[in-house]
Amino acid sequence: MTNETLHTLETRRSCRAYKPEQITKEELEAVLRAGTFAPSAMNRQSAKIVVVQDAETRAQLTRMNAAVMGNAGDPMYGAPTILVVLADANARCGVQDGSLVMGNLMNAAAAIGLGSCWINRAKEEFETEEGKALLKKWGIEGDYIGVGHCILGYPAEEPRPAAPRKPDYIVYA
């Protein structure tokens, strides 16, 4: 059995090389809309998505993320759009809710031909004073945890094919 959704889920790959041009407003809105439809515990919709496309803030997030790793590289792979996914620290399942948002964002990106990748270390970034200052600048009040960064853009190269899948499930009949 196959359909378009299953095909997207099977063929989506993390993209680590991006063209410099920005994605369109329509593409961004489609990806964001999919993120807002992610399941959440008790439908509380506790996650927030912050769109970062300006060069200055992208550079700041890149520097902050690299600092967590202890280097000065580009962990955002030059992606022109960074979607910061945050979780309400007081929500019982906030991180899980944010993780589902991340999955929807990446699958939606793949469905419309965009590259994406989950970049970790958002938790550590937003625990710092600099990270808390960014949240304040963005008008986000309360206690939020960084779940991840969904980087987006047009792929600069073809993704590698998927590795063979391991049968990681057990069927009890």
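Author: A salt bridge is a side-chain nitrogen of Lys or Arg within 4 Å of a carboxyl oxygen of Asp or Glu. The model is predicted: local features need pLDDT of at least 70, side-chain atom pairs count only at pLDDT 80 or more, and totals for chains, interfaces and linings use all residues. Residues are numbered from 1 along each chain as its sequence is written, and side-chain values use heavy atoms, with hydrogens and water left out.

Reader: How far apart are the closest N and O atoms of Lys25 and Glu29?

Author: Helices here are DSSP runs (H or I, at least four residues), as are strands (E, at least two), numbered from the N terminus. Lys25 and Glu29 are four residues apart in helix H2 (residues 25-36), so about one helical turn separates them. They form a salt bridge, and the N to O distance is 3.8 Å.

Reader: Is Lys25 buried or exposed?

Author: Buried means under 20% relative accessible area, exposed over 50%, and partly exposed in between (1.4 Å probe, protein chains only). Lys25 has 57% relative accessibility, so Lys25 is exposed.

Reader: Which residue forms a salt bridge with Glu130?

Author: The closest N and O atoms of this pair are 2.4 Å apart, and the partner of Glu130 is Arg63. Glu130 lies in helix H6 (residues 129-137) and Arg63 in helix H3 (residues 55-69), so the bridge ties together parts 67 residues apart in sequence. Glu130 is partly exposed at 29%. Also partly exposed, at 45%, is Arg63.

Reader: How many salt bridges does the structure hold?

Author: One more pair remains to be named: Glu127 bridges to Lys123, with closest N and O atoms 2.6 Å apart. Glu127 is partly exposed at 44%, and Lys123 is partly exposed at 43%. The number of salt bridges in the structure is three.

Reader: Which residues have the most contacts inside the largest nonpolar core?

Author: A nonpolar core is a set of buried Ala, Val, Leu, Ile, Met, Phe, Trp, Tyr and Cys residues joined through side-chain atoms within 4.5 Å. The largest one has 20 residues, and those with the most contacts inside it are Leu61, Ile82, Val84, Leu86, Phe126 and Ile151.

Reader: Which element supplies the largest share of this core?

Author: Strand S1 (47-52), H3, strand S2 (81-88), strand S3 (115-119), H6 and strand S4 (144-153) each give at least two residues. The largest share is three residues, and the element is S2.

Reader: Which residues does Leu61 contact, leaving aside neighbours within four places in sequence?

Author: Contact means heavy atoms within 4.5 Å. Leu61 is one of the core residues with the most contacts inside the core. Beyond its sequence neighbours, Leu61 touches Val52, Met76, Ile82, Val84, Glu125, Phe126, Leu134 and His149.

Reader: How many aromatic pairs are there, and what is the angle between the planes?

Author: Rings of Phe, Tyr and Trp (its six-membered ring) pair if their centres lie within 6.5 Å; planes under 30 degrees apart count as stacked, over 60 as edge-to-face and the rest as tilted. The structure holds one aromatic pair. The ring centres of Phe126 and Trp138 are 6.0 Å apart, and the pair is tilted because the planes stand at 50°.

Reader: Is Phe126 buried or exposed?

Author: Phe126 lies in the loop between helix H5 (122-125) and H6, and Trp138 in the loop between H6 and S4. Trp138 is partly exposed at 22%. With 3% relative accessibility, Phe126 is buried.
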